[in-house]
Amino acid sequence: MASTTMAAVPLGSGPGPGSGPAPATTAVGAATLLSGTLSGSLTASSTAMETEVLTQLFHANADHYQLSFAAINRMRQHAQLCDVTLKIGSDSINAHRLVLASVSPYFHAMFNDDMVEKLRPEVTLHDIDGLALKQLIEYSYTGEILITEDNVQVLLPASSLLQMGPVRDACCKFLLRQLHPSNCLGIRSFADAHSCKELQSSSHQFAVQNFQEVMNTEEFLLLPYNDVEELVSSGQLNVSSEEKVFHAVLNWVKHDLGNREQHVAKLLKHVRLPLLERDFLMAHVDCEPLVRASDSCKELLLEAMKYHLLPDQRAALTTERTAARQPEGLEPYLFAIGGGSLFAIHSECEVFSTRGDRWQAIAPMLYRRSRAGVVGLNRQLFVVGGYDGTSDLSTAECYSPHHNAWTTITPMGTKRSCLGICALDGLLYVCGGYDGASCLNSMERYDPLTGVWTSCPAMLLRRRYCRLAVLDNCIYALGGFDSSNYQATVERLDPRAGRWDPVPSMSSRRSSCGVAALDGMLYCVGGNDGTMCMSSGERFNARRQAWEPIAAMHSRRSTHELVSMGGALYSLGGNDGSSSLNSVERYDVATNKWTLVTSMLTRRSSVGAAVLDCLGVPSSSSAS
């Protein structure tokens, strides 16, 4: 600590040796004498040094509060100057009203308002844990408290009662860090009982986000009906499939069947039965005695079956039970699938995160594929057809980001490589392509709920290396190669009308181009016009029924992919006429400019790509 010293100044002639005692000097006299002396000294110094002098000094002791409270706390411990005794059961705690009132609005009101305890030397407290009260009194003097798993359940209600906000908030923060599927429901109930809104909200959201683990805990089975309904009705419930929710509801009901059977129909209406696969509906839902015994449950099952049996009418059958749940924290990720480079055909895949601005490998496909169709649907990735280096394929597989694993699905009715693919109203459409002998104009549709492929109206033209996109609930087929000519033509299918109609052609012939819809426009970039790979692009204005040019890409590209993500377009991979590419470009609609972004790990021509909303980037090491 800094200190200030001042040289001694004679205040006058003192008594010499042998003199008698000096006469007493009054305080006023001494002060007058000191003032005069300092004034004279300062005047002399000013005259001598001709500089500005210090006429006052501010001093602050940084340790004052800490030292003072430490002293007050020692006095409390020795019952010195204490003016109140708090009694809790058989225990007594001495304290100072002023200190308690300064940290607790509860005590401030007790000792200042017209309450009977205002002047009493002893105050008896109820509904508070004695150990917690001692710790809170100690905190009032020291500002320090140790929160543990053993005391947090008594400290939180005690600090809430005494309105000691900082301790209450610290307890909530501690419990937030302890959240686990095995205890989150208990913490949520505890927080709700003590009006800790932030903790209650956070623990509820944790239960929603980790429902697949929470549903298997004892806490879940012991929940009251209202809490179960709140969970299973959440549109943010994070489950890999609605099968989990169905099993959770039945397990909860059967845990106390006599008292809970009455709630089956009310809970089942929150299970999105139309999104369950048909095999599960028939094997588990339809055969469940609790469902068969309830007319309301049977109506819900019929609704789901109708949704399955009438895929062409699904847009008109939309309800809250046909909408996929959207967990909090979903972010779009760009997946690059298969393709080829030099003489290699890839099964390896990778994913790009805009937040992390990097690509990383995920689990490889079950089969090598280039020239395949790739599309995202229902938070899963579907890869259809393609070429494996020997033959064109009809096989298909599906990728789950949740499990980072691939599974086979029903193969198409026709072998197809260089095909067009898109998704609309929960259905997957493929058309055109090459079967190893000829270009195709046929179209088929896959229903993930039933696992069945169905034939659809054929296109007006045969198209190999065509591209599909969805705009205004219609499917557009662009460009391609018909075995003789590179196409600029475009045609559109309205699934409700069941026929293809021509629309205005593009300004350039484009085979193996990149196509995507964004903000009501249909974009087409790159491709091959029969003479070279192109970098130019154009877009279709459906309202004006006209094509207009956009800025050219940095690289010439064909057999690349174009996807829409986060309000921008991404063009990735392909071939520039001489080599396979791993570069990626992003198109900004507002500025009409392309920007190079982080390149893929692998060069990929004839690549497939799609965007999926995920809760995190899958890792290749987590494949199961």
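In H2, the residues Phe 69, Ile 72, Asn 73, Arg 76 and Gln 77 meet Ile 137, Glu 138, Ser 140, Tyr 141 and Thr 142 in H5. Divided by class, the residues of this contact between H2 and H5 are four nonpolar, four polar and two charged. As for the geometry, helix H2 covers residues 64-77 and packs with H5 at an angle of about 145 degrees, the two axes being 8 Å apart.

Before I continue, a word on confidence. What you see is a predicted model. The protein chain has an average pLDDT of 90, and 91% of the residues score at least 70. Over residues 1-48, however, the pLDDT is below 50, and this stretch has 14 contacts in the model beyond near neighbours in sequence.

Let me now follow H5 to its next partner. Helix H5, residues 130-142, also packs with H6; here the angle is about 65 degrees and the axes are 9 Å apart. The crossing of H5 and H6 is right-handed. From H5, the contact takes Ala 132, Gln 135 and Leu 136, and from H6 it takes Val 154, Leu 155, Ala 158 and Ser 159. Five of the residues in the contact of H5 with H6 are nonpolar and two are polar, with no charged residue.

H6 in turn meets H7. The axes of helix H6, residues 152-161, and helix H7, residues 165-177, come within 8 Å and cross at roughly 145 degrees. This crossing of H6 and H7 is left-handed. On the H6 side we find Val 152, Leu 155, Leu 156, Ser 159 and Ser 160; on the H7 side, Val 167, Arg 168, Cys 171, Cys 172, Phe 174 and Leu 175. The contact of H6 with H7 comprises eight nonpolar residues, two polar and one charged. Leu 155 and Ser 159 of H6 take part in the contact with H5 and also in the contact with H7.

I turn to pockets and cavities. How large is the second largest pocket? Its volume is about 970 Å³. The lining of this pocket consists of 40 residues, and Val 375, Gly 376, Cys 422, Ala 423 and Ala 610 lie nearest its centre. Strands E9 (373-377), E13 (420-424), E17 (467-471), E21 (514-518), E25 (561-565) and E29 (608-614) are the elements that give two or more residues to the lining of the second largest pocket. By class, that lining has 25 nonpolar, nine polar and six charged residues.

How many cavities of 30 Å³ or more are there? The count comes to one. The largest cavity holds about 30 Å³ of space. It is lined by 13 residues, and the closest to its centre are Ile 337, Gly 339, Arg 369, Ala 372 and Gly 608. The lining of the largest cavity divides into six nonpolar, five polar and two charged residues.

Terms used. Residues numbered from 1 in each chain as written. Predicted model: local features only at pLDDT ≥ 70, side-chain atom pairs only at ≥ 80, totals over all residues. Heavy atoms only, no water. Axes fitted to C-alpha atoms, helices over the stretch in contact; angles between N-to-C directions. Helix = DSSP H or I, 4+ residues; strand = E, 2+ residues; numbered from the N terminus. Left-handed = near helix turned anticlockwise from the far one by under 90°. Contact = heavy atoms within 4.5 Å. Nonpolar A, V, L, I, M, F, W, Y, C, P; charged D, E, K, R; others polar. pLDDT = per-residue confidence, 0-100. 1 Å grid on protein atoms, 1.4 Å probe; cavity = no way out; pocket = protein on both sides within 12 Å on 5 of 7 lines; lining within 4 Å. Points joined across faces, edges and corners; volume = space filled by probe spheres on them.
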